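Let's take a walk through a protein chain together.

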Amino acid sequence: MALSNKHGWMVLTTGNKSELAVGYSTLYGDTAGGFGVIKDVLKTTVYELCRWRNSAAEAEGKPGPIPEAVLSKPPSAELRPDQRDDQSLPPYEVLDPILEAYVERDLTADELIEAGFEEALVRRIVRLVDLAEYKRRQSPLGVRVTPKSFGKDRRVPITNHYR
């Protein structure tokens with residue numbers, strides 16, 4: 001923020017749609033900034049985009065701009081030694097399809113369970129998404145790339161007793 005103030009730069013936030021959906025972010029930490037470039041992109045898609053970008057560079061005879069170590073290490077909030085996202089969340093390959101169905105397609109928890117997702121996991125994820133609305137309301141604007149992004153397209157009350 002000091003550099004932003006000094007040079008007139010905009011601070012970008014790093015949260016993706018998966019993290020923002022379940023509240024896996026820190027208010028006034030990784031949510032502090034002026035624009036969320038990947039806020040409407042699920043974590044698994046972020047990895048796909050990074051691999052695509054590296055492949056495109058390599059096809060031009062250039063090195064991939066994203067180090068392989070970044071793509072191969074387990075995702076982590078890096079708030080404590082040896083922390084991994086999968087210690088707090090299901091693997092993103094499991095989480096993202098539930099989020100896509102619940103957030104973008106408006107499926108209910110019961111419909112997700114009927115579709116074959118594990119009941120306890122669905123109930124946990126739906127609860128996390130609904131509880132995190134207050135954090136998303138404080139996050140910056142970002143690019144909309146899916147049919148339903150947080151904010152303008154999907155808004156629910158901050159208090160969750162409406163259910």
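**Starting at the end of a helix**

Just after H5, aspartate 106 has a positive phi of about 60°. Keep in mind that you're looking at a predicted model.

The chain holds 8 helices and 2 strands. Start at the N terminus and the elements go α-β-α-β-α-α-α-α-α-α. The C-alpha trace spans about 50 × 35 × 35 Å along its principal axes. Of the contacts in the chain with a separation of 6 or more, 61% are between residues 24 or more positions apart. As for the inside, 38% of the 163 residues are buried.

Now back to H5, which covers residues 92-104. Its buried residues are Tyr92, Leu95, Asp96, Ile98, Leu99, Ala101, Tyr102, Val103 and Glu104. What do they pack against? The buried residues of H5 pack against H2, helix H3 (43-59), H6 and H7.

Let's pick one of those partners, H7 (residues 119-131). H5 and H7 pack at an angle of about 60°, and their axes are 11 Å apart. The crossing of this pair is right-handed. On the H5 side you'll find Val94, Leu95, Ile98, Leu99, Tyr102 and Val103, and they meet Leu121, Ile125, Val126, Val129 and Asp130 of H7. Sorted by class, this contact has 10 nonpolar residues, no polar ones and 1 charged residue.

In soluble globular proteins, nonpolar side chains tend to be buried together. Here, the largest nonpolar core has 21 residues, and the ones that touch the most other members are Val22, Leu95, Leu99, Leu112, Ile125 and Val129. Helix H2 (17-22), H5, helix H6 (109-114) and H7 each give at least two residues to this core. Which element supplies the largest share of this core? H5 does, with 7 residues.

Zoom in on valine 22 for a moment. Leaving out residues up to four places away in sequence, valine 22 touches Leu89, Leu95, Leu99, Ile125, Leu128, Val129 and Ala132.

Key: Residues numbered from 1 in each chain as written. Predicted model: local features only at pLDDT ≥ 70, side-chain atom pairs only at ≥ 80, totals over all residues. Heavy atoms only, no water. Axes fitted to C-alpha atoms, helices over the stretch in contact; angles between N-to-C directions. Helix = DSSP H or I, 4+ residues; strand = E, 2+ residues; numbered from the N terminus. Left-handed = near helix turned anticlockwise from the far one by under 90°. Contact = heavy atoms within 4.5 Å. Nonpolar A, V, L, I, M, F, W, Y, C, P; charged D, E, K, R; others polar. Core = buried A, V, L, I, M, F, W, Y, C linked by side-chain atoms within 4.5 Å. Buried < 20%, exposed > 50% of the residue type's maximum accessible area, 1.4 Å probe, protein only.
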